[in-house]
Amino acid sequence: MSSLANKQILLGVTGGIAAYKSADLVRRLQDAGASVQVVMTPAAQEFITPLTMQALSGHPVHTQLLDPEAEAGMGHIQLARWADLLLIAPATADFMARLSQGLGNDLLTSICLATAAPIALAPAMNQGMWRNAATQANLDILIDRKIHIFGPADGGQACGDIGPGRMLEPLQIVDMAARLFATGSLAGKKVVITAGPTREAIDPVRYISNHSSGKMGYALVQAAIEAGAQTVLISGPTQLAKPARARCIDVITAEEMYNASMAEALDCDLFIAAAAVADYRPIEVATQKMKKGDDDDITLHLIKNPDIVASVAALTPKPLTVGFAAESEKLIDYARTKLERKNLDLVVANNIAASNIGFNSDDNAVTLIDKHSSTDISQRSKQQLARELIACFAQKLAPQR
Ligand code: C5P
């Protein structure tokens, strides 16, 4: 996985000659692992066609605010929620003016108003327009509002002028976008994360397992890496690509996951148990494939697996230990009981009764519980959620002032 792995980037294109570079930017963002959707202003479409951007991004291009069809599918609020980053490249002087005034008179400005994601602009305009006092005043407002400004570069311009106002090259923009996600909040810390299901063999061809996809655990690994942690992933069998900058230990059974976890947890600062561990395993594994007999029912004798996260929480010194609680009722009560019974520092509780979140889905909504409080984190992608959770864990690990 590379620097923008799993990031959802909404690329806004406004009307400047540098719009032709946005086509290459889509590709470069994808090369870095991001998935990209494109919003174009009417002026941008004078420079480059939506069809080009659609073909490159692999998604329909969004152009209109009041399009009933689009609003029924992915309207401006959904787009605002979908984005991990809103990147506007090129950003014209006119767009910067409208954004600084909080206008919402087209699709792109409306999304900018609605989104909770960071916004970054790569300005591109004539040097005189860039130097103009009005543009510079708008720039100050945008910087004040924590909007990230990439560039512009100095040099020769399409109109023949020389000076500041050239859009940065696509690779420079990708690099700066990637750096926005690198928080450094876990720099110098070792983080161990269990993820995915375990498999408990019955015989050489059959096993007991569950539907865990591993997505939440893998998203936490990616967020921990972005936060600068030395990250170890202990993963049951999943379909997911292994994160490039984590040390990955593949396991199959709960016992293997237990052994790997106990070895890695000894010197870790943060242990996150996101795996869906099988509670029981067959006492005996048949060495040959079990044959269907005449009996209408058979009995499998199961024995309890070790509780991994509780065993880590019993270590001295104990890392900050985080467990997950997937519950279908009495979410907070059951999660708090788990916190106490397993001696955890935090429990991430999610309601598995809701069909659009949790197990196997791309989204999740959770409540983060510690001894004294509980905090709701509303529905969002597992990547966005992972970054929020990692930020909370990092805060707990930071020395108290
Ligand atoms: O007890 P329960 O399975 O409901 O608890 C879920 C939490 O405990 C999860 O964080 C899961 O990863 C962890 N767990 C574990 N070892 C087990 C069972 C659960 O680490 N054997």
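Let's start in the sheet: strand 3 (residues 85-91) and strand 4 (residues 119-123) run parallel and share 4 bridges. Strands count as paired here if DSSP finds at least two bridges between them, and strands (E, at least two residues) are DSSP runs numbered from the N terminus. This is a predicted model, so local features need pLDDT of at least 70 and side-chain atom pairs count only at pLDDT 80 or more, while totals for chains, interfaces and linings use all residues. Residues are numbered from 1 along each chain as its sequence is written, and side-chain values use heavy atoms, with hydrogens and water left out.

- L86 has I119 of strand 4 as its bridge partner.
- The open sheet holds 5 strands, in the order 2-1-3-4-5, with parallel pairing.
- Strand 2 (35-40) and strand 5 (148-149) sit at the edges with a single partner strand each, so one side of each has no neighbour in the sheet.

**The hairpin**
- Strand 18 (residues 363-369) and strand 19 (residues 374-381) are antiparallel, joined by 6 bridges.
- A hairpin of 4 residues links strand 18 to strand 19.
- L368 bridges to T375 in strand 19.

**Domains**
- The chain is split into domain 1 (8-180) and domain 2 (190-397), with bounds from an automatic or database domain assignment.
- Taken over C-alpha atoms, the centres of domain 1 and domain 2 are 39 Å apart.

**A charge over a ring**
- K7 has its charged end over the ring of F181, 5.1 Å from the ring centre; the rule asks for NZ of Lys or CZ of Arg within 6 Å of the centre and within 35 degrees of the ring normal.
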